[in-house]
Amino acid sequence: MTIEVLYVDDEPDIREIAELALGLDPDFVVATASSGEEALAYLAMYVPDVALLDVMMPGMDGPTLLERMRDDPKLESVPVIFVTARAQRSELQNFSTLDARGVIAKPFDPMTLSGQVRALIA
Amino acid sequence: MKFRPSKVWLRRGATIATLALVPLILVGVFLAMHAEFRAVAQLRDVSERTDAKRDLFADILIAHADVETGVRGFIITADDRYLEPYNIALLRRESLFSAIEDQGEPEIHAALARLRKLSDAKLANAALNVSDVRAGRIRQARERVATGNGKALMDEIRRELADLDAHEAAKLAQLTERSSASRAMLERSVTAMLIGLALLLAMVTMIVNRSFRMRSEAMDRAERLSDRQKALFAGTVDGVMLLDGRGRILRMNPSVSRIFGYSEEELLGQHNMVLLETPYSMEQSMAWLQSVGVAGKHGAGRRQEFTGKRSDGTTFDTEVAISMIHGETEKNYVAAIRDISDRKRAERMKTEFVSTVSHELRTPLTSIGGSLGLLEGGAAGPLEEKAKRLVEIAKSNCDRLIRLINDILDIEKIESGKMEFDLRRMQVGPLIGRTVSSMNGFADQHGVTLTTVLPPWPQCVVGDPDKLEQLLTNLVSNAVKHTPKGGEVEIFSTHDGGHVRIEVRDRGQGIPTEFRSRIFGKFAMADASDSRLKGGTGLGLAIAREIARRHGGDVGFDDRQGGGTVFHVDIPSVSAERTDGRTDLDQDLPSVLHIDDDDDTLAVVASAFEGKAHVMTAHTLAEAREVLNKSDVAAAILDIGLAYENGLDMIAELRKHREAMPILTFTAYDDMRTAEGVDRVLIKSRTSVSDLVDTTLLLVGERRRAA
């Protein structure tokens with residue numbers, strides 16, 4: 001079963017690696033966006049099965065993007081996973097209260113990334 | 001406490017004793033003089049009486065001589081005129097004898113009786129002669145005179161009178177001699193007393209002089225001290241204010257003006273609240289001041305962080321150390337105010353820096369590590385053997401760099417108290433199982449086998465599973481790295497007193513003696529090549545020990561019999577589950593007293609502690625006292641701004657209940673940073689309830705371990 005993933009990160013290298021890593025799983029179809037605004041433009045047209053959001057991005061950050069998604073009835077049930085280089089527990093708790101499905105810490109292991117995503121949305 | 005009289009008291013005592021002797025001596029002199037005056041008066045009296053008696057003796061002799069002379073003349077001339085002295089003597093004789101006898105001196109009664117008898121005989125003899133002459137018997141009278149009887153009587157009378165006179169003279173001489181001796185004694189005594197008095201007065205003068213000199217010196221010293229204090233007061237960089245009992249500013253040093261931008265005239269008489277950006281009411285401020293102790297007494301006084309407000313309305317971080325002093329008529333307070341903006345800025349910069357490091361270093365490492373991982377995993381197609389080896393080296397070092405960054409961040413978080421612990425009841429067996437499972441791959445790479453030896457019964461602790469796994473992973477990783485290929489690392493769990501002890505036993509080279517004292521230090525490695533060979537960061541043991549200590553435990557090591565090292569972790573244990581499915585944990589849970597006047601807050605906090613502690617709630621200090629009377633409370637959480645009360649007022653009673661009790665404040669006062677007698681100040685707006693729970697349980701664990 002195909003799993004459509006939207007990966008949002010302002011770092012092009014990480015976007016590319018994540019796309020490659022997730023692409024190792026034949027069921028994953030990966031789209032990327034370089035900012036919150038670009039992601040919203042994509043989401044206006046497509047509804048993915050899961051969205052992976054970088055937390056710290058210039059302009060609209062990950063938590064804001066999540067809020068905007070939850071405001072949209074079409075997107076309110078899309079599972080969201082944060083990917084962050086800041087893995088403080090209090091931040092993780094905040095992400096949970098923001099209705100995120102989970103958090104993946106950077107640096108992530110590219111070979112197991114798709115497995116982590118599958119586990120979080122299962 | 002042993003009483004040691006001070007020099008001042010000794011001096012005072014000596015002066016008083018000396019001054020008390022002066023009147024005693026004067027009284028002594030007066031009594032002696034008085035006695036002497038009486039003795040002299042008595043002597044004079046006796047002397048006068050003796051003289052009078054001796055005069056009487058002389059008069060008696062004269063009277064008898066007159067009788068003798070008169071009668072003889074009358075015998076020769078028969079002229080009555082010659083009898084005139086005789087007649088007078090006859091008249092006086094009785095009065096003279098009566099005068100002597102009236103003085104009633106027994107010792108001369110016998111002599112007087114003899115004298116009277118002789119006198120009677122003499123007068124009888126004279127009377128016969130007078131009678132014969134008058135009768136014309138002149139020849140018979142002359143013959144009677146010629147017998148010499150009259151002369152013999154006269155001689156006898158003269159002798160008796162001479163003896164009496166001599167007796168009186170001797171008596172007077174004896175009395176005079178005694179008086180002289182007494183006077184000499186008196187002179188010596190009075191002289192001695194006067195010399196003593198002079199010495200005492202000299203001593204008193206000396207003591208008084210010395211006292212005056214010392215007083216003068218003390219006043220000089222006090223003046224110098226006062227000058228120094230004034231200089232300190234005026235010159236200290238911190239703002240220093242003297243407050244009255246209501247918190248109004250009585251005095252201030254120039255730094256207060258410099259810090260807050262107000263002139264002295266503007267601030268004197270104002271309440272200190274004008275300098276604070278604070279939600280406190282005047283009553284709360286008063287209550288707060290009332291709870292401040294005397295400086296330096298059992299560490300009393302209070303230190304707290306506030307947000308200060310300058311005259312232009314800008315705010316800044318400030319730390320206030322305040323102590324109560326006893327003023328002339330009421331309590332006063334000395335408040336030292338320090339502008340800690342720079343310190344706070346540095347702390348924020350450090351936090352920001354750490355955050356930046358965390359993000360900015362991890363971001364490129366994500367790319368590097370991700371790329372290498374993909375290459376290594378064959379995502380870009382199969383690699384040649386040499387290329388594969390190079391990618392492995394690059395990946396391994398990238399991982400090491402990530403570990404180093406993580407360890408540095410962990411150390412920073414631990415040292416700044418920002419490492420968060422999710423404490424919960426957990427079993428040790430599964431913790432060891434997870435650690436071994438995750439470390440098996442690493443051990444395989446080193447050709448080392450991991451084995452576990454666990455007791456058949458469950459062992460439970462209150463801990464953060466992730467942090468304890470991190471701790472164990474560090475120890476197991478070290479053990480694996482230091483165990484020769486083909487060797488074995490044992491993870492052994494046992495019970496030691498009130499602790500669960502986990503041992504990690506290796507067969508390495510052991511720990512060099514010179515390295516033992518610094519093995520838990522940061523970047524500690526036995527030799528410089530160690531990190532390169534073993535891929536460690538030198539922070540693992542420092543982190544492990546901190547994690548253990550934050551759980552109320554500790555990490556240590558011993559030499560292993562037969563070679564190698566045993567690292568052991570001790571964590572306070574809690575009882576395991578019972579066979580009936582219920583847990584003993586409920587009984588082992590610490591009791592936490594939470595004082596807050598808001599029902600919602602009490603409910604939320606109680607809910608967060610569920611399964612971790614018994615929470616006993618109180619809306620007022622009176623309710624809190626009831627709880628303390630009925631229950632054994634292990635920790636207390638206080639709200640400060642209770643309705644009409646200050647939660648901090650409970651601190652003394654709480655300490656009395658249990659001296660080492662962790663006391664936390666959970667308050668809405670954003671300004672509060674620290675409070676005297678309080679272990680942690682948590683601000684409601686900045687602290688999650690789970691953090692409150694974690695912090696409380698952590699402190700309880702620490703105190704239990706200390707106990």
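What follows is a short chat about a predicted model with chains A and B.

Reader: What kind of model is this, predicted or experimental?

Author: Predicted.

Reader: OK. How is chain B divided into domains?

Author: Chain B has domain 1 (7-207), domain 2 (236-339), domain 3 (345-415), domain 4 (424-574) and domain 5 (589-706).

Reader: How far apart are the C-alpha centres of domain 1 and domain 5 of chain B?

Author: They lie 108 Å apart.

Reader: Salt bridges next. How many over all chains?

Author: The count comes to 43 salt bridges.

Reader: Pick B:D80. Which residue does it form a salt bridge with?

Author: B:R134 is the partner of B:D80, and their closest N and O atoms are 3.2 Å apart. The pair links distant parts of the chain. B:D80 sits in the loop between α1 and α2 (83-102) of chain B, while B:R134 belongs to helix α3 (residues 109-134), and 54 residues separate them.

Reader: Are those two buried or exposed?

Author: B:D80 counts as partly exposed, because its relative accessibility is 43%. B:R134 reaches 52%, so it counts as exposed.

Reader: What about B:R139 and B:E143, where do they lie?

Author: Both are in helix α4 (residues 138-146) of chain B. They are four residues apart, about one turn of the helix. B:R139 and B:E143 form a salt bridge, with the closest N and O atoms at 2.4 Å.

Reader: Why does B:R139 count as exposed?

Author: Because its relative accessible area is 60%, and the cut-off for exposed is over 50%. B:E143 stands at 41% relative accessibility, so B:E143 is partly exposed.

Reader: Now B:R625 and B:E653. How do their side chains meet?

Author: In a salt bridge, 2.6 Å from N to O. This pair also connects distant parts of the chain. B:R625 is in helix α18 (residues 621-630) of chain B, and B:E653 is in helix α19 (residues 651-657), 28 residues apart.

Reader: How accessible are B:R625 and B:E653?

Author: B:R625 has 33% relative accessibility, so it counts as partly exposed. B:E653 has 28%, and it is partly exposed too.

Reader: Which residues do salt bridges with shared partners join into one network?

Author: B:R93, B:E94, B:E101, B:R116 and B:D120.

Reader: And in general, why can such side chains pair?

Author: Because opposite charges can pair when the charged atoms come close.

Reader: Surface now. Which residues form the negative patch?

Author: B:E217, B:D220, B:E223 and B:D227 form it.

Reader: Where is B:D227?

Author: B:D227 is in helix α5 (residues 149-235) of chain B. Its relative accessible area is 43%, so B:D227 is partly exposed.

Reader: What about a nonpolar patch, which residues form it?

Author: One is made by B:V27, B:F30 and B:L31. Together they have about 310 Å² of accessible area. B:V27 lies in helix α1 (residues 7-77) of chain B. With 46% relative accessibility, B:V27 counts as partly exposed.

Reader: Where is B:P456, and is it buried or exposed?

Author: B:P456 is in the loop between β7 (449-453) and β8 (460-463) of chain B. B:P456 is exposed, with a relative accessible area of 77%.

Reader: How far is B:P456 from B:T236?

Author: Their C-alpha atoms are separated by 66 Å. Along the chain, B:P456 and B:T236 are 220 residues apart.

Reader: Last one, back to chain A. Where does A:L20 lie?

Author: In helix α1 (residues 12-23) of chain A. A:L20 counts as partly exposed, at 46% relative accessibility. The C-alpha atoms of A:L20 and A:T2 are separated by 16 Å, and the two residues are 18 apart along the chain.

Technical notes: Residues are numbered from 1 along each chain as its sequence is written. Chains are lettered from A and ligands numbered from 1 in the order in which they are written. This is a predicted model: local features need pLDDT of at least 70, side-chain atom pairs count only at pLDDT 80 or more; totals for chains, interfaces and linings use all residues. Side-chain values use heavy atoms; hydrogens and water are left out. Domain bounds come from an automatic or database domain assignment. Patches are made of residues with over 30% relative accessible area and no salt bridge: like charges are joined within 9 Å, nonpolar side chains (Val, Leu, Ile, Met, Phe, Trp, Tyr) within 5 Å. Accessible areas come from the Shrake-Rupley method with a 1.4 Å probe; for residues, only the protein chains shown count as cover. A salt bridge is a side-chain nitrogen of Lys or Arg within 4 Å of a carboxyl oxygen of Asp or Glu. Lys and Arg count as positive and Asp and Glu as negative; His and the chain ends are not counted. The place of a charge is taken as NZ of Lys, CZ of Arg, CG of Asp or CD of Glu. Helices (H or I, at least four residues) and strands (E, at least two) are DSSP runs, numbered from the N terminus. Buried means under 20% relative accessible area, exposed over 50%, partly exposed in between (1.4 Å probe, protein chains only).
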